[in-house]
Structure formats: structure tokens, C-alpha cells
Amino acid sequence: MYCKNCGNQIHDDAVVCVHCGCPVQQNATDKACAKPKSNALAIIGFILSFLIPVAGLICSILGARQADTDGGKYKGLATAGIVISSILLAVEIVLMIIAVFYWSTVLLFVRWLLELFA
């Protein structure tokens, strides 16, 4: 006979699979033998946090919520995505503010030069 969980061959009279530890009986259900679900939102959010921080932040937050309902699986990955996205988003905002001030200063200087020599 074969284990329904791992597929390995086991003895016909076995009560528990010797390979994975799951019960072999027809009506037995064991939560420890259930295959873990992956949290796609947490994984995608973590990857996007490096590429597109806003999208990474949104996906990581949704992944963290899903991890709460799934029993905490991938919660750390979702949290890392939230932290990385937040930091990179803050850095991008600061760089945009600096760029605006820089170019406004350059444009004011050019305008001043044009008025000076006109």
C-alpha cells in the first residue's frame, strides 16, 4: 500500500506512515500532514519591494493579512517586504524633493542670468 500524503510504499497493516508520520487510516485527518499553503502575496510583495516600492508595500500588507489568517506562515517575509518598501519609498520621496529643489534653483539661476545679460 502507498501513503496518501507522501506516496511512499508502506506496510499494508501500518497505522502511521513511517516516512512522513501521517495516519494511514481512511477516516483519519491530521493537520500536521496537510501540505503548507504558500502565500503568493507575501512573496510577490517582497520581490516588488525592491523594484516598485508602492506595489511591494501593498502586496506585502495584503500578504501579512493573509499570513494572519493562515497561522503565521510567511509573516516574516511579508514584514520584511513592508519594511523594505517603506524605507525605499521614503528614500525615493526624499530624492524627488531634492531634485525639485535642485532644478528649481537651476532654473532660477538661468532666469537671473538671462535677465542680467538681456
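Predicted model: local features only at pLDDT ≥ 70, side-chain atom pairs only at ≥ 80, totals over all residues.
Lys73 has its charged end over the ring of Tyr74, 5.4 Å from the ring's centre. Residues are numbered from 1 along each chain as its sequence is written, and side-chain values use heavy atoms, with hydrogens and water left out.

Now for the salt bridges. A salt bridge is a side-chain nitrogen of Lys or Arg within 4 Å of a carboxyl oxygen of Asp or Glu. Searching the whole structure turns up two of them, and here they are:

| Salt bridge | Closest N and O atoms |
|---|---|
| Lys75 with Asp68 | 3.0 Å |
| Glu115 with Arg111 | 3.4 Å |

How open are these residues? Buried means under 20% relative accessible area, exposed means over 50%, and partly exposed is in between (1.4 Å probe, protein chains only). Lys75 comes out at 30% relative accessibility, so it counts as partly exposed. Asp68 is at 53%, so it counts as exposed. Glu115 and Arg111 are both exposed. Those two are separated by about one helical turn because they are four residues apart in helix α3.

Let's take a look at α3 itself. Helices (H or I, at least four residues) and strands (E, at least two) are DSSP runs, numbered from the N terminus. Helix α3 covers residues 75-117, which makes 43 residues. From its first C-alpha to its last, α3 reaches 63 Å, close to the expected 63 Å. That expected span is 1.5 Å times one less than the number of residues.

Which residues of α3 are buried? They are Ala78, Gly81 and Ser85. What covers them includes α1 (40-51) and α2 (53-70).

Finally, the aromatic rings. Rings of Phe, Tyr and Trp (its six-membered ring) pair if their centres lie within 6.5 Å; planes under 30 degrees apart count as stacked, over 60 as edge-to-face and the rest as tilted. The whole structure has three aromatic pairs. One of them is Phe46 with Phe50, an edge-to-face pair because the ring centres are 5.4 Å apart and the planes are at 90°. Phe46 and Phe50 are four residues apart in helix α1, so about one helical turn separates them. Phe46 is partly exposed at 25% relative accessibility, and Phe50 is partly exposed too, at 49%.

Notes:
Contact = heavy atoms within 4.5 Å. Lys NZ or Arg CZ within 6 Å of the ring centre and 35° of its normal.
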